[in-house]
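Subject: Structure handover

Hello,

Please find the structure below, with its sequence. Notes on what was found in it follow.

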2 protein chains.
Amino acid sequence: MARVKPQTLSGFMELLPEKQVVFDLMSARIRSSFELYGFTPLDTPIIESSEVLLAKAGGETEKQIYRFAKGEHDLALRFDLTVPLAKYVAANYGRLQFPFRRYQIGKVYRGERAQRGRFREFYQCDIDIIGDGELGIMNEAEIPSVIYSTFKSLGLEGFVIRLNNRKVLNGLFAILGVSDDSAEVMRTIDKLDKIGRDETRRLLGELSIGNNAEKLLDILAAEAPVEALEAFSGQNETFDKGLEELKAVTAHLAAFGVPETHYAVDLTIARGLDYYTGTVYETLVTAHPEIGSVCSGGRYDNLAEYYTDKKLPGVGISIGLTRLFFVLDDVGLLNAEVQSAPCDVLIIPMTGDFSPAVALATAMREAGLRTQLYTEDKKFKAKMSYADRLGVPFVALLGEDEIAAGKITVKNMKTGEQTTAKAGMLTEGIRERIAAARDTKPIREI
Amino acid sequence: MARVKPQTLSGFMELLPEKQVVFDLMSARIRSSFELYGFTPLDTPIIESSEVLLAKAGGETEKQIYRFAKGEHDLALRFDLTVPLAKYVAANYGRLQFPFRRYQIGKVYRGERAQRGRFREFYQCDIDIIGDGELGIMNEAEIPSVIYSTFKSLGLEGFVIRLNNRKVLNGLFAILGVSDDSAEVMRTIDKLDKIGRDETRRLLGELSIGNNAEKLLDILAAEAPVEALEAFSGQNETFDKGLEELKAVTAHLAAFGVPETHYAVDLTIARGLDYYTGTVYETLVTAHPEIGSVCSGGRYDNLAEYYTDKKLPGVGISIGLTRLFFVLDDVGLLNAEVQSAPCDVLIIPMTGDFSPAVALATAMREAGLRTQLYTEDKKFKAKMSYADRLGVPFVALLGEDEIAAGKITVKNMKTGEQTTAKAGMLTEGIRERIAAARDTKPIREI
């Protein structure tokens, strides 16, 4: 028979079982953390009509999108979870309660140029809070708390949430005489870290900000940015509103459980998209700033203007889980202690009649243990080696002697310790050890 | 601004939040049940190269598949989870341990003609056990146990797993003189329930089985099919092997925890595909046989022959979750008692300063309660109505008096009962009630 090479497309993540377990653990913890904050799950289709998906998009999006015809339909694969959310909220407006808080963890598609660490299919984990007409500033203050709890629950300790406010930035630009090249000014200060202060000043000098470049750089470099901003109060309405918002957000972070070590106001953050109108967020891994932001987002004023005349302001963030997993693996931050075996106990019957082993498996499953029964016709050594290679923590042996005595023998595969006792007693012991192992976090800093 | 109508494509399920919660609960319970049996999770790409995906397919599959070009690539969306599994096992053969037991819950795509209850994007929940070269019969005996536990964990009580064995059927056909029209004979007896015995006998009379039609119909109608089959032992090797397998499978079902009320050998079941070579399974909802099988599968001898010369026999089943959810909803079997609110507690601050409410929210989240803080500028009545419409079980009120006394007031939204006490005490009470509610099963028979 002519055979096809069993290949997975480049840019598509496909994991071996032991890695998949860690990936799923990350996904589950992100989900639980989002749920703890009262977000409701949503699952929208991966395929939408191109008209809906591209109502707003242009440029890069159009180029990267997977778009195709099926019958008379012009279809496309979603490239983010925000556009489907906008469609969903517009379509179901009358049936939702606002503020509408939803999370979605799902795959999105972008036909980017293939390169290491870039994925064409990847998971996004999004939360958004959508208001009907208006949405209070406390929602923007709560977002860093979600980010903080989420990454802590993954096991990450060293990270910083950077905050800024687009109104502050736009107001400041107006005060300092920036005219219609504000996007260019923004791009320039965004490079500050890389190119240094002198080069930044030179580049800014060529823009409309001109002589005020030094003043701007002073504010950006301020140890206490909020205090530095105070000096500009009362000159521009947008600026004043933005500063008030920034203060409201930072004022509540302690009560929201975010320690000072884990956030910083950073006036150089803008988040490219024009879309954002208030607080913006980025999250950096302290030991690996080269990774870039692992969780970003912000406040926007109009989620669904392409679909409805309702004004739907919101605030949201997104974690690019596939890329995050890839880079964490790459820099060695995935926790090797995560229990990756598909079962807690592997039962190896030592008799010809499998019935007692089957009954034991049923009892262990009823007790909540993930149990596999090994009944293949192999040598004992091969069976133990199977358990070993899968990383199974416990092997239960059931021979004539055990069956006669109403007992089982359990081997702890880590310690090598072997115990023979009544099944119920051993099951209880295994349960306790397994429950402890299940608290293992997917990330571990060394 | 010209607006696009926010439409979801027909044949694509998109649920309102309260239904999505029930769907997710079903999915989570299926996942847990699969894990209890020692299956490892897998997540393969939704897009594969057409060459890989269509290595075997033909006919209907080719017509229904979503296939498109992107750059120079000929791509397609997976139409099931079995072909990607075959590719995966062939590609990773040397890195997997056999028997390889995996589950996958994921979306698949078929561009079927749109009609009510038919979906073009739908979830499949699959388990498969793959052997390297060979795979023992006990794996086939275990599958009904997984089906049983899974549907029980969903809350379904009235269902029957129907079992058959393809070798028995093929052997029996050979004994009764069926020649190369065995597929036609099969299709005819498959209609027995609908068209009745007389019409079936007439149709069979026109086929190669001819005068033996009556004999076949007697076996199919036998009260004790296994005993009826015994009479044909020793005449055909395939038949004898099949009967031995069928007896081995049924012999262990009691030890596997499957009661006699929940399974039946049914010789009319063939599962269309040629693919199956041993035990085959179907699952019917007792009160709604019109739904058809809600979980089917069987034993096959060669999973990945289009990709590798390794012989990889296996056994697997699949639940079409999207359709199952749709029909359960349709016949009124979804449990209205499932807690669909996005949070366990909604905190309503009654003071201008939100800090104490924020701190309370943080404490409640740390205690594991899904907590939402309501800080929008609305009338009290609107806030309570928001909680009510979301079905939030508890509302926590925090006014000047409470703050001064170091207490909170909690209203049980179901009973209307209102209690003022220390936060810690109330939190504990809420936790207990919520934990009980979380055990609610997604299906409830009336």
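Two residues are in contact here if their C-beta atoms, placed from the backbone, lie within 7 Å. On the interface, 100% of the interface residues of chain B are also interface residues in chain A, so the two copies meet through the same surface.

Some conventions first. This is a predicted model, in which local features need pLDDT of at least 70 and side-chain atom pairs count only at pLDDT 80 or more, while totals for chains, interfaces and linings use all residues. Residues are numbered from 1 along each chain as its sequence is written, and chains are lettered from A and ligands numbered from 1 in the order in which they are written.

The two copies

Domains of chain A

Chain A is assigned domain 1 (17–158 + 286–330) and domain 2 (345–437); such bounds come from an automatic or database domain assignment. Taken over C-alpha atoms, the centres of domain 1 of chain A and domain 2 of chain A are 43 Å apart.

The sheet in chain A

Helices (H or I, at least four residues) and strands (E, at least two) are DSSP runs, numbered from the N terminus. Two strands pair if DSSP finds at least two bridges between them. An open sheet of five strands in chain A has the order β13-β12-β14-β15-β16, with mixed pairing. Its edge strands are β13 (371–373) and β16 (418–421) of chain A, each pairing on one side only. From one strand to the next, the twist averages 25 degrees (axes are lines fitted to C-alpha atoms, for helices over the stretch in contact, and angles run from 0 to 180 degrees between N-to-C directions).

Strand β12 (residues 345–349) of chain A runs parallel to β13(A), joined to it by three bridges, and A:V345 stands opposite A:T371 in β13(A). Helix α13 (residues 355–366) of chain A packs on the sheet and touches β12, β13, β14 (394–398) and β15 (408–412) of chain A. The direction of α13 makes about 165 degrees with that of β13(A).

A helix pair in chain A

The axes of helix α6 (residues 166–175) and helix α11 (residues 237–252) of chain A come within 7 Å and cross at roughly 145 degrees. Residues of α6(A) that meet α11(A) include A:K167, A:V168 and A:N170.

Strand β5 of chain B

Nine of the ten residues of strand β5 (residues 100–109) of chain B are buried (20 or more other C-beta atoms within 10 Å of its own; exposed means 12 or fewer, and partly exposed in between, with C-beta atoms placed from the backbone). β5(B) pairs in the parallel sense with strand β1 (residues 40–41) of chain B over two bridges, where B:T40 stands opposite B:R102. With strand β6 (residues 121–130) of chain B, β5(B) runs antiparallel over ten bridges, and B:V108 stands opposite B:F122.

One residue of chain B

B:N412 is found in strand β15 (residues 408–412) of chain B. B:N412 counts as partly exposed, because it has 15 C-beta neighbours inside 10 Å. Leaving aside neighbours within four places in sequence, B:N412 is in contact with B:F394 and B:E417.

Regards
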